Amino acid sequence: VMFSVARGAGLSLCMLDYQDKVDKRITALREVLFGIRVVKCYAWEDAMEERIGNLRAQEVTSLAKWYHNLGIMYGVVLCFPRLLVFAGLWGYSALYGHQDVVTIFTCMVILGSLRCMCEIFASSLSRIV
């Protein structure tokens with residue numbers, strides 16, 4: 001839960017940064033378009049193109065950070081059920097030592113049903129996000 005909260009906060013910060021970069025680029029582009037006669041008169045086309053290109057590069061970098069954080073969050077949410085089964089089996093064997101086949105298969109059935117519930121929860125969470 002804490003991981004989801006931290007990742008959600010990271011995603012919102014990345015999106016705010018992205019929106020700020022988009023606003024800066026749009027503002028610069030609007031200034032260039034409204035002052036196109038001045039830009040043409042002083043032959044500033046290359047300088048303005050470079051300025052807007054740099055702002056666009058910053059915007060794309062910010063968007064890449066957002067998708068990177070989103071990918072980490074989805075990866076963890078989708079892998080969580082399997083990690084839970086693995087941790088359950090490992091913890092059970094660490095606490096109780098060597099187990100017979102009947103106990104292991106019983107644990108697998110219980111952990112399998114828990115995994116299904118976690119997958120349902122993860123899919124519901126992905127629909128909300």
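The legends below describe close-up views of a predicted model. Residues are numbered from 1 along each chain as its sequence is written, and side-chain values use heavy atoms, with hydrogens and water left out. Because this is a predicted model, local features need pLDDT of at least 70 and side-chain atom pairs count only at pLDDT 80 or more, whereas totals for chains, interfaces and linings use all residues.

**View 1. The largest nonpolar core.** Seven residues, L11, C14, W66, L70, M73, V77 and A122, make up the largest nonpolar core, a term for a set of buried Ala, Val, Leu, Ile, Met, Phe, Trp, Tyr and Cys residues joined through side-chain atoms within 4.5 Å. At least two residues of this core are supplied by each of α1 (2–34) and α3 (45–96), and the largest share, four residues, comes from α3. Helices here are DSSP runs of H or I with at least four residues, numbered from the N terminus. Buried means under 20% relative accessible area, exposed means over 50%, and partly exposed lies in between (1.4 Å probe, protein chains only). In soluble globular proteins, nonpolar side chains tend to be buried together.

**View 2. Helix α1 and what covers it.** The 33 residues of α1 should span 48 Å at 1.5 Å a residue, and the end C-alpha atoms of this helix are 48 Å apart, which agrees; the expected span is 1.5 Å times one less than the number of residues. Within α1, the buried residues are L11, C14, Y18, K21, V22, R25, A28 and V32. What covers these buried residues includes α2 (36–41) and α3, where contact means heavy atoms within 4.5 Å.

View 3. D17 forms a salt bridge with K21, with the closest N and O atoms 3.4 Å apart; the term requires a side-chain nitrogen of Lys or Arg within 4 Å of a carboxyl oxygen of Asp or Glu. Because D17 and K21 are four residues apart in helix α1, about one helical turn separates them. D17 is partly exposed at 27% relative accessibility, whereas K21, with a relative accessible area of 17%, is buried. A salt bridge also joins the side chains of D20 and K24 (3.7 Å, N to O), and these two residues, four apart in helix α1, are likewise separated by about one helical turn. D20 counts as partly exposed at 35% relative accessibility, and K24 is partly exposed at 45%.

View 4. E59 and R25 form a salt bridge in which the closest N and O atoms are 2.4 Å apart. Since E59 lies in helix α3 and R25 in helix α1, the pair ties together parts that are 34 residues apart in sequence. Both E59 and R25 are buried, and R25, R56 and E59 are linked in a network of salt bridges. A search of the whole structure finds six salt bridges.

**View 5. The loop residue A43.** A43 is found in the loop between α2 and α3, and its phi is near 55°, a positive value in a residue other than glycine. With a relative accessible area of 54%, A43 is exposed.

View 6. The structure holds zero disulfides, a disulfide being a pair of cysteine sulfur atoms within 2.5 Å. C14 counts as buried at 13% relative accessibility, whereas C116 is partly exposed, with a relative accessible area of 35%.
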